[in-house]
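Please find below a note on the model under review.

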Amino acid sequence: MATRRSRLELIFDILLAIQNKGGKIKPTHLMYKSNLSHKLLNNYLDELIQKELVMIQEEIVKKKKAPNKTVHITEKGLGFLAEFRRMREFTDAFGL
Amino acid sequence: MPNLFLTLDWFQGIDLIFEFVALFVALLIAGYSWKAYRMSDEHKFKYFSFAFLLISLSLFVKALTSSAVYFQGTRIAADVILRPVLGAAREYSVLFYHTGFFVEMAAMLGGWLLLFFVSQKARDRLKKYYEVSQLGLFVYLVLLISWVANFKYEVFYLTGAVLLGLIVLNYYKNYLNNNNKNTLLVMDSFILLLVAHLFFIFMFVTPFFYVFGQIFLLLGFIFLLYTYMRVKHK
């Protein structure tokens, strides 16, 4: 049975999903890719925006009342992904 | 002047360099682990960092006491610095040496013990209450052993070797589970440190065993440094 993901692993999965989609992704796609509920994803996104790891961009589309939202990964977010990978290597190497 | 064991004259000072290299590596690993703790908030990184900090403290205190034993200049400098603070209490300098030996041993054994606990996978551990009581018992034993070893140094290295043997077993399991070069390197590092301790135990046979022990200790920390560099520059 797969173990429960830690908070940090969830953040890593969200950022990785954005990176794998070329740096930007629609929130609905992100919800499926990171395997999170709508409520949980929003909570995490708020935290990531606050920490400047991602940002939301809105595009106004004709024939649509509400603008299209996309989640973008920032430079800081990419740095976090690289650091997290190193930390995972460290954890594996030292059996933590 | 008290000394735990006799060392070869030509090696006095070289061993200090070896210990400072080991100290540098231990501080690097402690620092990175602390950074990982700040990033993740996971306690295992905090304990791992603390274990390497204890090892650093031990190496630092050993270097200090050894330099006081080896070099008259250090003794005179320490005497000048401590005179205004201690006054007549300097007559009990033997006690200060023994305090140094005690801190060195307790910190090193505490570091190995903590590493052993951290290298155990969580699922193999007992429940928290038992874990705390177990740790308490071990801390008491470490302090007791460090005190006894002031009179019989072999006890310290023998206990260190037993703890390192258990750490090697944990890292062997880790290597079997992950099967990559980094886990193999970490296991090899601790095997080298174990061999160093085995040489230290038998120093009474010949003082050359101290030299061999120090070389293996240095090699163990260089292997740890190499693993750290591989992880950092991935």
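1. Basis. This is a predicted model, in which local features need pLDDT of at least 70, side-chain atom pairs count only at pLDDT 80 or more, and totals for chains, interfaces and linings use all residues. Residues are numbered from 1 along each chain as its sequence is written, chains are lettered from A and ligands numbered from 1 in the order in which they are written, and side-chain values use heavy atoms, with hydrogens and water left out.

2. Fold of chain A. Four helices and three strands make up chain A (DSSP runs numbered from the N terminus: helices are H or I of at least four residues, strands E of at least two). Their order from the N terminus is α-β-α-α-β-β-α. The C-alpha trace of chain A spans about 55 × 30 × 20 Å along its principal axes.

3. Sheet of chain A. The three strands form an open antiparallel sheet, ordered S1-S3-S2; strands pair if DSSP finds at least two bridges between them. Strand S1 (24-25) and strand S2 (54-59) are the edges, each pairing on one side only. S1(A) is joined to strand S3 (residues 68-73) by two bridges, and A:Lys24 has A:His72 of S3(A) as its bridge partner.

4. Helix H1 of chain B. This helix (residues 14-40) has 27 residues and reaches 39 Å from first to last C-alpha, close to the expected 39 Å, the expected span being 1.5 Å times one less than the number of residues. Just after H1(B), B:Asp41 adopts a positive phi of about 65°.

5. Extent of the contact. Chain A contributes 15 residues and chain B 25 residues, contact meaning heavy atoms within 4.5 Å. Between them the chains bury about 1900 Å², with 67% of it on carbon and sulfur atoms (accessible area, 1.4 Å probe, lost on being put together and summed over both parts). Of the area that chain A buries against chain B, 37% comes from A:Phe90, A:Phe94 and A:Leu96, more than from any other three residues.

6. One salt bridge is counted between the chains (a side-chain nitrogen of Lys or Arg within 4 Å of a carboxyl oxygen of Asp or Glu). A:Glu83 and B:Lys35 form a salt bridge through their side chains, at 3.7 Å from N to O. Helix H4 (residues 75-93) of chain A gives the most to the side of chain A that touches chain B, with ten residues.

Terms used
Buried area is the accessible area (1.4 Å probe) that two parts lose on being put together, summed over both.
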